[in-house]
Amino acid sequence: MNIHINGKAYSLSNEIHISVSSALTLHFIEPQQSTFAVALNGDFVGKEEYDTTLVKNGDSLDVLLPIQGG
Amino acid sequence: MMTLNIYGQQLDSRLLIGSALYPSPHVMKQAILASGSQVVTLSLKRQNPSEKSGQQIWRYLQEVIAEVHGHLLPNTAGCKTAKEAVTLAKMSREIFQTDWIKLEVIGDDYNLQPDPIELLNATEQLINDGFKVLPYCTDDLVLCQRLYDLGCQVIMPWASPIGTGKGLMNPYNLETIRLRLPDATLILDAGIGKPSDACLAMEMGYDGVLLNSAVALADNPVLMAKAFGQALQAGEQGYVAGIMEQRQTAHPSTPTLDTPFWHQNS
């Protein structure tokens, strides 16, 4: 299946879906030590839902961190 | 002086300040401290959590907020629809552990003008979800009234488009909003260019001012931050003291009776 994380494409050959937790570890190192929040296809996914929310073919994950703002 | 009331939270400073565009994180920190502000805005963007730069900025902001005993005010900058803004607000709430949200829903890329329809839609959803919404909006009285009716205790009309520094484009509109919404906490947001702009807003009876570029882009941001803090105090005190009515004709300040040489040549 093919998914996008922060706009970058990833191809996974054997899975039909994976959890948000697994998707995060595809690309991110030790995300549990960072301050971030996640949206799946434009909808917020709370941290308590990372293990149970499934990412499927064509899905898009956004991982956001704090920055300066006005 | 009276305190600034943001959803029941009483703050000594009436200045809300942004954390962007400073020459360096150090200058940002010094400027925020010099301003006396107790509310600092910030945002979210796509980043890899394992990259250290984003985490460093976040830790630095946390230090600043702790030092001023202040509050974080996350924004929804960059959102163009209610759905985007609601999602970003929820992400911000999880990260920053606050139900305050500076709600921005932009309807036009040229002047970054808020979209009133999407703004109202997002406001209703967020208030129903327990957020305390601080909407960034235009200086349209009816829009401000609608936001207030939805439950926004704080409303933030623009002075002029974001980052322009043009000051108060429509003083009449802003005065009318103040007059018609006497119980709302009104914060002038965006377009402030110089301390006298902030002072003018306070003289109108506004409760506070939110700005970023005017301080961050000054030649000396720390000094400018201090100037804004003082300008707000001056404007507030002027408003509380009661500004004299304008008059159509001149009136001598010095008593004319028994003025030396008065009518001597007539």
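1. Basis. The model is predicted; local features need pLDDT of at least 70, side-chain atom pairs count only at pLDDT 80 or more, and totals for chains, interfaces and linings use all residues. Residues are numbered from 1 along each chain as its sequence is written, with chains lettered from A and ligands numbered from 1 in the order in which they are written.

2. Chain contact. Chain B gives 28 residues and chain A gives 24 residues (contact: C-beta atoms, placed from the backbone, within 7 Å). On the chain B side, β4 (39–46), α2 (52–68) and α3 (82–96) each give two or more residues. Helices (H or I, at least four residues) and strands (E, at least two) are DSSP runs, numbered from the N terminus.

3. Across the chains. Strand β7 (residues 60–68) of chain A pairs with β4(B) in the antiparallel sense over five bridges. Pairing requires at least two DSSP bridges. A:Pro66 stands opposite B:Leu44.

4. Within chain A. β7(A) pairs with β1 (residues 2–5) in the parallel sense over two bridges; A:Ile5 has A:Leu61 as bridge partner. β7(A) also pairs with β4 (residues 37–40) of chain A, in the antiparallel sense over four bridges. There, A:Asp62 is the bridge partner of A:Ala39.

5. Burial. Seven of the nine residues of β7(A) are buried (20 or more other C-beta atoms within 10 Å of the residue's own, C-beta atoms being placed from the backbone).

6. Helix pair. The axes of α3(B) and α4 (residues 116–128) of chain B come within 8 Å and cross at roughly 35°. Axes are lines fitted to C-alpha atoms over the stretch in contact, and angles run from 0 to 180 degrees between N-to-C directions. Residues making the contact include B:Val86 of α3(B) and B:Leu126 of α4(B).

Key. Two residues are in contact if their C-beta atoms, placed from the backbone, lie within 7 Å. A residue is buried if 20 or more other C-beta atoms lie within 10 Å of its own, exposed if 12 or fewer, and partly exposed in between; C-beta atoms are placed from the backbone.
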